[in-house]
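Below is a brisk report on one helix, its surroundings and the side-chain pairs of a single model. The sequence and structure come first.

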Amino acid sequence: MLALRKARRKLRMGTICSPNPSGTKTSSEVCNADWMASLPPHLHNLPLSNLAIPGSHDSFSYWVDEKSPVGPDQTQAIKRLARISLVKKLMKKWSVTQNLTFREQLEAGIRYFDLRVSSKPGDADQEIYFIHGLFGIKVWDGLMEIDSFLTQHPREIVFLDFNHFYAMDEAHHKCLILRIQQAFGSKLCPTCSVESMTLKNLWEKKCQVLIFYHCPFYKQYPFLWPGKKIPAPWANTTSVHKLILFLETTLSERAPRGSFHVSQAILTPRVKTIARGLVGGLKNTLVHSKCWDSHGLSLLSQEES
């Protein structure tokens, strides 16, 4: 839990970079965009599963299209209500959980991305989009934005967690996986022992991207990691106190070896939460009122101190 608090505090202060071997960096010298490259040598051989790695929740939802159809992740009742234009405007307030683009998140130090994807009704080209209630940008555009950053920062490693798929058949999955291959190519890290995943090892192989794919199709591709290798227990609460207790418990109960672990430090609105704060939206209801510094902070971590 201490690791979580430290990471949150460092993200707010802009000091996520660790000291380099030549000495401690001052705040003016800190560069979140290269914090992995700046880690001291004694951490280069440490398994990545032992590092606290900042991440974001619904990472793509800095923009959603209120003019698009309501996503297949919503109930039929919501879809019927959304025929009223005002409803989609309100949905947008509750669908957006980030205010930074992929590039801006990467530059801020985020390295774990929570991704939910879907086909769009009426699309004949099998294009895949990010989705959270409403459709976001095309997955291809997001992947290219991430790849561009990685090319410019060759020692930074990212975790892309594709954990929800909607309205996708086999052809859609093949299209998405092909897009992933085209975007990252040799940067993709093939599956292997989690304990062997160190910064030094990845730097030597010039691998920068770990893809987690929560769907049986992962078995057909050597660069797709199974979802079970990155469990992300969910508190499903609006209470900060309950959330902290949940995070402490799940961290203590996590598997000691063989997988990564995501601590979802997020508050989740319930139906009555949305009803009470309908116009205010997610940010004003669950962020400001709770003095919570981010609805969308995840922490990929096996660290306890």
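Helix H6 (residues 170-184) has 15 residues, so at 1.5 Å a residue it should span 21 Å; its end C-alpha atoms are 21 Å apart, which agrees. The expected span is 1.5 Å times one less than the number of residues. Helices (H or I, at least four residues) and strands (E, at least two) are DSSP runs, numbered from the N terminus.

This is a predicted model: local features need pLDDT of at least 70, side-chain atom pairs count only at pLDDT 80 or more, and totals for chains, interfaces and linings use all residues. Residues are numbered from 1 along each chain as its sequence is written, and side-chain values use heavy atoms, with hydrogens and water left out.

At the start of H6, a side-chain oxygen of Asp-169 comes to within 3.1 Å of the backbone nitrogen of Ala-171. Just after the helix, Gly-185 has a positive phi of about 50°.

Several residues of H6 are buried, among them His-172, Cys-175, Ile-177 and Phe-184. Buried means under 20% relative accessible area, exposed over 50%, and partly exposed in between (1.4 Å probe, protein chains only). What do the buried residues of H6 pack against? Their partners are strands E2 (112-119), E3 (128-132), E5 (158-166), E6 (209-213) and E7 (224-226), plus helix H5 (139-152). Contact here means heavy atoms within 4.5 Å.

## Charged pairs

The count of salt bridges is seven. A salt bridge is a side-chain nitrogen of Lys or Arg within 4 Å of a carboxyl oxygen of Asp or Glu. Three of them are tabulated.

| Pair | Closest N to O |
|---|---|
| Arg-116 and Asp-58 | 2.8 Å |
| Arg-116 and Asp-114 | 3.2 Å |

Arg-116 pairs with Asp-58. This pair links distant parts of the chain: Arg-116 is in strand E2, Asp-58 in the loop between strand E1 (53-56) and helix H2 (76-81), 58 residues apart. Asp-58, Asp-114 and Arg-116 are linked in a network of salt bridges. Asp-58 is buried. Arg-116 is buried at 15% relative accessible area, and Asp-114 is buried at 3%.

Lys-174 and Glu-170 both lie in H6, four residues apart, about one turn of the helix. An α-helix has 3.6 residues a turn, so residues three or four places apart point the same way. Lys-174 counts as partly exposed at 42% relative accessibility, and Glu-170 does so at 45%.

## Aromatic pairs and cysteines

The whole structure holds 13 aromatic pairs. The ring centres of Phe-165 and Tyr-213 are 4.7 Å apart and their planes are at 50°, so the pair is tilted. Rings of Phe, Tyr and Trp (its six-membered ring) pair if their centres lie within 6.5 Å; planes under 30 degrees apart count as stacked, over 60 as edge-to-face and the rest as tilted. Phe-165 is in strand E5 and Tyr-213 in strand E6, 48 residues apart. Tyr-213 is buried, at 0%.

Phe-212 and Trp-225 are also tilted, at 5.7 Å centre to centre and 50° between the planes. Phe-212 lies in E6 and Trp-225 in E7, so the pair ties together parts 13 residues apart in sequence. Elsewhere, ring pairs link Phe-60, Tyr-62, Phe-102, Phe-113 and Phe-130 into a cluster.

The count of disulfides (cysteine sulfur atoms within 2.5 Å) is zero. For Cys-189, the nearest cysteine sulfur is that of Cys-207, 4.9 Å away. Cys-189 is buried at 4% relative accessible area.

Notes
A polar contact is a pair of N or O atoms within 3.5 Å; within protein, one must be able to donate a hydrogen and the other to accept it, and residues adjacent in sequence count only if both atoms are side-chain atoms.
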